[in-house]
Amino acid sequence: MKLLIWLVIAFLVLAWVMRSKKAPGPDASDQNKPLAPDRNIPPEPILQCARCGLHVPASEAVTHASGSVFCSEEHRRQSFPGA
């Protein structure tokens, strides 16, 4: 029984040493690399909803003919029921 315990301990130590010596793969080096912003794409403006004050990207905003900006079509209809 004593020999079995020593064999298990030796196996665990050997497995730990082999794992720690394993060279990091290409994925590990990519994880440490800071994310560089893409300088070719300009930042999208963020607009505030005239109804609830929520900030939404300009591409997702709903604009009324008066120039008011809303976060959704429902908020535009609530603010301008006849339009």
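## A loop, a core and an open helix

Ala-50 sits in the loop between strand E1 (46-48) and strand E2 (55-57); helices (H or I, at least four residues) and strands (E, at least two) are DSSP runs, numbered from the N terminus. This is a predicted model, in which local features need pLDDT of at least 70 and side-chain atom pairs count only at pLDDT 80 or more, while totals for chains, interfaces and linings use all residues. Residues are numbered from 1 along each chain as its sequence is written, and side-chain values use heavy atoms, with hydrogens and water left out.

Ala-50 is in contact (heavy atoms within 4.5 Å) with Ser-68, Val-69 and Phe-70, leaving aside neighbours within four places in sequence. Its C-alpha atom is 8.1 Å from that of Cys-71, 21 residues apart along the chain.

Val-69 leads us on to the core. The largest nonpolar core has six residues: Cys-49, Val-56, Ala-61, Val-69, Phe-70 and Cys-71. Such a core is a set of buried Ala, Val, Leu, Ile, Met, Phe, Trp, Tyr and Cys residues joined through side-chain atoms within 4.5 Å. Beyond four places in sequence, His-75 touches Cys-49, Arg-51, Cys-52 and Phe-70.

His-75 is found in helix H3 (residues 73-79), which also holds Glu-73 and Arg-76, three residues apart, about one turn of the helix. These two form a salt bridge, their closest N and O atoms being 2.3 Å apart; the term means a side-chain nitrogen of Lys or Arg within 4 Å of a carboxyl oxygen of Asp or Glu. A search of the whole structure finds one salt bridge.

Here is how some of the residues are covered, where buried means under 20% relative accessible area, exposed over 50%, and partly exposed in between (1.4 Å probe, protein chains only).

| Residue | Relative accessible area | Class |
|---|---|---|
| Ala-50 | 53% | exposed |
| Glu-73 | 33% | partly exposed |
| His-75 | 17% | buried |
| Arg-76 | 12% | buried |
| Trp-6 | 57% | exposed |

Trp-6 takes us to helix H1 (residues 2-21). H1 has 20 residues and reaches 29 Å from its first C-alpha to its last, close to the 28 Å expected at 1.5 Å a residue, a span given by 1.5 Å times one less than the number of residues. Of its 20 residues, the number buried is zero, so H1 lies largely in the open.
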